[in-house]
Amino acid sequence: MSTEPLATFESSLTEIGVDLVRTTAEEFESTLAPRVDTPAVGTPLPFEGVALPDAVETDPTVADLETARTGVTAVGYGIADYGSVVVQGGPAGEEPVSLYADEHVAVVAASDVLPDMDAVFDRLAADVREGTGQAVIATGPSATADMGALVRGAHGPMDVTVVLLEDR
Amino acid sequence: MSVNDRQRKAERIRHLLDTEGDSVHENTRVFNEGRYESTADLDDYEALKDEARAIKEDAIERLPELIEQATEAIEANGGTVYVAEDADDANRYVTEVVDGRNVVKSKSMTSEEIEVNGALEADGANVWETDLAEFVLQIAEEAPSHIVAPAIHKSREEIADLFNEVFDPEERLETAEELTRFAREYLGEKILDAEVGMTGANFVTADTGTLALVTSEGNARKCVQATDTHVAVAGVEKIVPRVEDLQPFVELIGRSGTGQDITSYLSLFTPPGDSPTFGDGVGSDDGLTSGDDRALESGDDREFHLVLIDNGRMAMREDDDLRETLYCIRCSACANSCANFQHVGGHAFGGETYSGGIATGWEAGIHGQDSAAEFNDLCTGCSRCVNQCPVKIDIPWINTVVRDRINRGADGEFDFLVEGLTPDEEPGGLDIQKRLFGNFDTLARLGSAFAPLSNRIARTGTARSVMERTLGVDARRELPEFERESLVEWFTARGSRVDPEGARRRVALYPDAYTNYVRTERGKAAVRVLESLDVHVDVPAAGESGRAPFSQGMVATARANAEAVYEALSPAVAAGRDVVVIEPSDLAMFRREYDRLLPEDEYAALREGSYEVMEYVYGLLENGADTDALADGNGERVAYHGHCQQRTLDLEPYTLAVLEDCGFDVATSDVECCGMAGSFGYKSEYYELSVDVGESLAEQFTTDDTADRTVVASGTSCLEQLDALLTRRPAHPVRLLDGR
């Protein structure tokens, strides 16, 4: 795929204050390990040859979710124009893991970074028709201005980091 | 309206200006500026709006079919759909589903509309609002003042005081961050304890039964994820045909609303989902909420109920004028771009549930005309919202139509005081104040005929006090002074100074009622400026455009005026002459409102053939006329306020360009409206709001950079407002070009 959406993705992420970490399947674990603040929760990653560091709890209790500092999940797509990731929640718990921890680490394959909303909605529509029950287009951390000033981190994560698997 | 009613209204507005005005102003300004910036980043903003509009038009057209399709899709997924006729019906259903269990809710204006919280609580359920603004209002027992940011009227200090008083935390809460953390923790426990999650829906797709929720805090996600039972309430109009149709809305809604390119979360739920749940809430009594060692449960048994609410919407669909309201995606752009709303907020500019410009349509359709009548007059028809609406609803028109209906709904006799002054087409019960302002043409004609006596009488204390009591004309406003010789009379006596044969162009200069009877000097300047550019000018005796009655909701009278104007101008138009208009609000009638008032071909002829005077001068200069024929600005420093309706028509740049070409140094204002808005600022119940809005403009013209500048403004109202609020006397920009 052309590198253009990736460059746009990176600059969009920078604009919204989200770090992008580039890595490969092989180096994933060693890249991720120092970035995972424990306690950490996660969901199994669907990318071939990519595994979560041991410190990440993949069968969390409610209390684990509540206290987690890091939540690692795969995300279905990245959206270059907006710096968004699409969290597709399923039985493994991507939704709660990406939502409760202080920081969401979103792992996306380079080949899943799409240029714009048009392209994403074509895919999302197809996914829904094939039975994907839930997709959240998440852009940056949760936020609120309801308390008189803008605050990063409302009910959801305060921080988001995107890990890009360049060879997937 | 009685004198007491006017006083009560004025007091209410004054109270809100004092208590909530500052917070509302500060916050809406951020949203408003954000929207301009964020939409400017889009390459295809107009195309996206067209696309969104087309999707909504189609969806509302096919609504019964789409409701059926959505129902089939959701039932096939294992959910339930209930179409509720009205609020009671919806609440009965939701109460049955909830059955006294603990409920956590995300923000939903539709749930405010049906007041479901009260119904659930009466049935023994605990209901917690988890959206932080809604939580603040729940604690404060207040109503939303804005459809997107419901607690926009509260400052951080007020929220901190509220929390400290109600929750008495060990350490006093102060910063927005501390308040947010506290609320997150407090509500986090409520979410863990809950068995039912309630949400609204911004969109529902008929093809797949998918809900789209536009949020930022993450609470809606939590309400759905944590609980076994999801109840979504949504107006029937929220249905769009396909998932793909969501794309333009996703790109527009955040930008149009809070000025964000996109909100943090755009959730697409196709329930029931299969995310693990927290199962049954542990209940708040057993002390397990902290250190909760429950394992997550399978989401296979999730229950989903979509409650689609009619509550007047299907009738709105049949109503040719209210139908457009159903296209509304509740983004709040019309509120944020509205000068009156920015200053007074939704507690004045709103009905039982909804607030802002489009609320008139919603309230009239859902709660009835009386609810709309409470605030409908706060729309001045300035039209600033028109280009901001992502689905291109003609919001001023909806306000005008509903105002007309309210006028017609009132009983009453012709009032002897104004009967002679008001040869209009309106019913007897029409408010005397509206009738007076709606017939400005007649008033001005008489005022001119009897000037200067009429001016002198009108200035006396007795006359002003009678006018205030009987007509609601605020005694603090200076009244317009009528000229004895009208512009038409002056021109008839003077004649054209340019030979029609050799003229560059031939024009009919439209003598709007103000220019004709009150501010004749700008008409005379326009004649001289056009003639100095070799244009042959004629000033036909065309009457008032209909703007005055239109703004009072007197549509039939406006139509009669429009027909008369067309008749007066049509010979010139037929002869291929251009129509030049000085007053932007009248030009906006020709270009916009006549679409509603005249046959299509007549409207098209006037729309195509009419120009704002500075736009016309610009065109002449672009086509070979020489600026040397005009007065030389010679670097004169000028502060220019473009008229609201002129800016909606994107005509402001012409004035700016012409003035700069002529050597003036121009600074411009960026407020949405001067606040005078024709008759609005004269009305005793709105005088203080009008001045409050005007002060924002006056502030921009009293800065270090602008305080010494010559003030010019295109609109009559703007000139009056600026004249009242500044010590410098403002003028129409065409007078700067007048060499005389």
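**Entry 1: chain A, overall form**

I began with the radius of gyration of chain A, which came out at 15 Å; a compact globule of 168 residues would be near 15 Å, so the two agree. I kept in mind throughout that this is a predicted model.

Next I took the extents of the C-alpha trace of chain A, and along the principal axes they are about 45 × 40 × 30 Å. I then went through the secondary structure and noted 5 helices and 12 strands for chain A.

How much of chain A is buried? I found that buried residues account for 60% of its 168 residues. I also looked at contacts in chain A between residues at least 6 apart in sequence, and 71% of these join residues at least 24 apart.

**Entry 2: chain A, surface and charge**

The accessible surface of chain A is about 6,300 Å², and I noted that 45% of it belongs to carbon and sulfur atoms. For the charges, I have 7 positive and 29 negative ones in chain A, with their mean positions 3 Å apart.

**Entry 3: chain B, overall form**

I turned to chain B and wrote down 36 helices and 17 strands. Its radius of gyration is 28 Å, close to the 27 Å that the globule rule gives for 740 residues, so chain B is as compact as a globular protein of that length. The box around its C-alpha atoms, taken along the principal axes, is roughly 95 × 55 × 50 Å.

I checked burial here as well, and 64% of the 740 residues of chain B count as buried. Of the contacts in chain B between residues at least 6 apart in sequence, 76% join residues at least 24 apart.

Chain B exposes about 27,100 Å², and I noted carbon and sulfur atoms as the source of 44% of that. I have 71 positive and 142 negative charges for chain B, and their mean positions are 7 Å apart.

**Entry 4: where the chains meet**

How many residues of chain B are in contact with chain A? I have 57 residues of chain B in contact with 51 residues of chain A. The area buried between the two chains is about 4,500 Å², with carbon and sulfur atoms giving 60% of it. I then asked which residues of chain B lose the most area to chain A. They are B:Arg184, B:Arg221 and B:Leu268, which together make up 14% of what that side buries.

**Entry 5: a closer look at B:Thr95**

I found B:Thr95 in helix H5 of chain B, which covers residues 87-98. Is B:Thr95 buried or exposed? Its relative accessibility is 14%, so B:Thr95 counts as buried, the cut-off being under 20%. Setting aside neighbours within four places in sequence, I have B:Thr95 in contact with B:Ala119, B:Leu120 and B:Asp123.

**Entry 6: cis peptide bonds**

I went looking for cis peptide bonds and noted one that joins B:Pro271 and B:Pro272, with omega at about -5°. B:Pro272 sits in the loop between strand S9 (265-269) and strand S10 (303-309) of chain B.

I noted another cis peptide bond between B:Ala451 and B:Pro452, where omega is about 0°. I placed B:Pro452 in the loop between helix H21 (440-449) and helix H22 (453-459) of chain B.

**Entry 7: positive phi values**

My next search was for positive phi in residues other than glycine, and B:Asp534 came up with a value near 65°. This residue is in the loop that runs from helix H26 (520-532) to strand S12 (535-538) of chain B. With a relative accessible area of 39%, B:Asp534 is partly exposed.

B:Ala677 also came up: it is not a glycine, yet its phi is positive at about 50°. I traced B:Ala677 to the loop between strand S16 (665-668) and helix H34 (687-700) of chain B.

**Entry 8: B:Gly678**

B:Gly678 is in the loop between S16 and H34 of chain B too. Its relative accessible area is 33%, so I put B:Gly678 down as partly exposed. How far apart are B:Gly678 and B:Cys718 in space? I have 8.7 Å from C-alpha to C-alpha, for two residues 40 apart in sequence.

Note on methods: Residues are numbered from 1 along each chain as its sequence is written. Chains are lettered from A and ligands numbered from 1 in the order in which they are written. This is a predicted model: local features need pLDDT of at least 70, side-chain atom pairs count only at pLDDT 80 or more; totals for chains, interfaces and linings use all residues. Side-chain values use heavy atoms; hydrogens and water are left out. Helices (H or I, at least four residues) and strands (E, at least two) are DSSP runs, numbered from the N terminus. The radius of gyration is taken over C-alpha atoms; the globule rule is 2.2 Å times the number of residues to the power 0.38. Buried means under 20% relative accessible area, exposed over 50%, partly exposed in between (1.4 Å probe, protein chains only). Contact means heavy atoms within 4.5 Å. Accessible areas come from the Shrake-Rupley method with a 1.4 Å probe; for residues, only the protein chains shown count as cover. Lys and Arg count as positive and Asp and Glu as negative; His and the chain ends are not counted. The place of a charge is taken as NZ of Lys, CZ of Arg, CG of Asp or CD of Glu. Buried area is the accessible area (1.4 Å probe) that two parts lose on being put together, summed over both.
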